[in-house]
Amino acid sequence: MSRIGNKVITLPAGVSVSVADDNVVSVKGPKGTLTQAVDSDITVEVEGSELKVKRPTEQKRHKALHGLYRSLLNNMVIGVGEGYKRELEIIGVGYKASSANNVLELQLGYSHNIFMAIPEEIKVVTTSEKGQNPKVILEGIDKELIGVVAAKIKSLRKVEPYKGKGIRFVGEVVRRKAGKSASKK
């Protein structure tokens with residue numbers, strides 16, 4: 001029994017869902033529109049302000065797809081209704097971030113600055129206040145795309161375990177290692 005797949009998705013006010021004949025689900029809301037192609041075995045039904053995902057059999061494949069598509073559709077409904085936000089902080093002496101025209105410029109201790117083009121669907125904002133670490137804030141309606149972009153930014157300078165320098169999510173806990181201990185006489 002798929003516990004995730006059996007949950008009903010309630011549609012908030014202002015969000016509408018339409019299912020095409022070729023099993024393409026389109027979710028429209030105040031922040032935008034998202035579409036997702038659903039496997040032909042899985043059926044998606046809209047009843048009033050509820051969205052239900054059903055599977056034909058108890059096969060392992062159908063169970064897996066049932067939970068997957070329910071989660072994807074739920075993420076789409078939340079995205080077009082409220083949107084998603086991901087914050088990264090840059091920790092390290094001389095590390096900086098700035099953005100202009102959806103191009104993120106990062107100074108991460110390398111010999112050159114890194115310029116990264118951010119997709120148009122995502123809004124990027126950088127903040128650098130005195131006494132605090134620079135932050136990169138990603139906002140958009142597609143949870144998957146924000147996660148991919150955040151992971152790419154994070155991979156440019158991974159957090160090292162000794163001093164904790166690098167790019168991490170705000171609130172992320174990094175396990176620190178002890179350095180070399182002094183020699184004993």
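This is a predicted model: local features need pLDDT of at least 70, side-chain atom pairs count only at pLDDT 80 or more; totals for chains, interfaces and linings use all residues.
## A hairpin, its sheet and its charged pairs

Gly-48 takes a positive phi near 65° in the hairpin of S5 and S6, where two residues sit between the strands.

- S5 and strand S6 (residues 50–54) run antiparallel and are joined by five bridges.
- Across this pairing, Val-44 has Val-53 in S6 as its bridge partner, while Glu-45 stands opposite Lys-52 in S6.

**Salt bridges**

- How many salt bridges does a search of the whole structure find? The search gives eight, and a few of them are described here.
- In general, side chains of opposite charge can pair when their charged atoms come close.
- Asp-41 and Arg-61 meet through their side chains in a salt bridge, at 2.9 Å from N to O. This pair links distant parts of the chain, 20 residues apart: Asp-41 lies in the loop between strand S4 (32–37) and S5, and Arg-61 lies in helix H2 (residues 60–81).
- Both members of that pair are partly exposed: Asp-41 has 30% relative accessibility, and Arg-61 has 42%.
- Glu-45 also takes part in a salt bridge, with Lys-54, and the closest N and O atoms of the two are 3.1 Å apart. Glu-45 counts as partly exposed because its relative accessibility is 28%, and Lys-54 counts as partly exposed at 37%.
- Lys-63 and Glu-58 form a salt bridge through their side chains, at 3.9 Å from N to O. Is Glu-58 buried or exposed? Glu-58 is exposed, with a relative accessible area of 53%, whereas Lys-63 counts as partly exposed at 31% relative accessibility.
- Asp-39, Asp-41 and Arg-61 belong to one network, joined by salt bridges that share partners.

**Aromatic rings**

- Which residue lies over the face of Phe-169? Arg-86 does, at 3.9 Å from the ring centre.
- Tyr-110 has the charged end of Arg-157 over its ring, 4.3 Å from the centre.

**The annotated domain**

- An unreviewed UniProt entry carries the annotation "domain: Large ribosomal subunit protein uL6 alpha-beta", which covers residues 12–83 and 91–168.
- Within residues 12–83, the chain is 31% helix and 36% strand, and 13 Å separates the end C-alpha atoms.
- Residues 91–168 are 17% helix and 37% strand, with their end C-alpha atoms 8 Å apart.

Terms used
Residues are numbered from 1 along each chain as its sequence is written. Side-chain values use heavy atoms; hydrogens and water are left out. Two strands pair if DSSP finds at least two bridges between them. Helices (H or I, at least four residues) and strands (E, at least two) are DSSP runs, numbered from the N terminus. A charge sits over a ring if NZ of Lys or CZ of Arg is within 6 Å of the ring centre and within 35 degrees of the ring normal. UniProt positions are given in the numbering used here, feature names are shortened, and annotations may be inferred rather than shown by experiment. A salt bridge is a side-chain nitrogen of Lys or Arg within 4 Å of a carboxyl oxygen of Asp or Glu. Buried means under 20% relative accessible area, exposed over 50%, partly exposed in between (1.4 Å probe, protein chains only).
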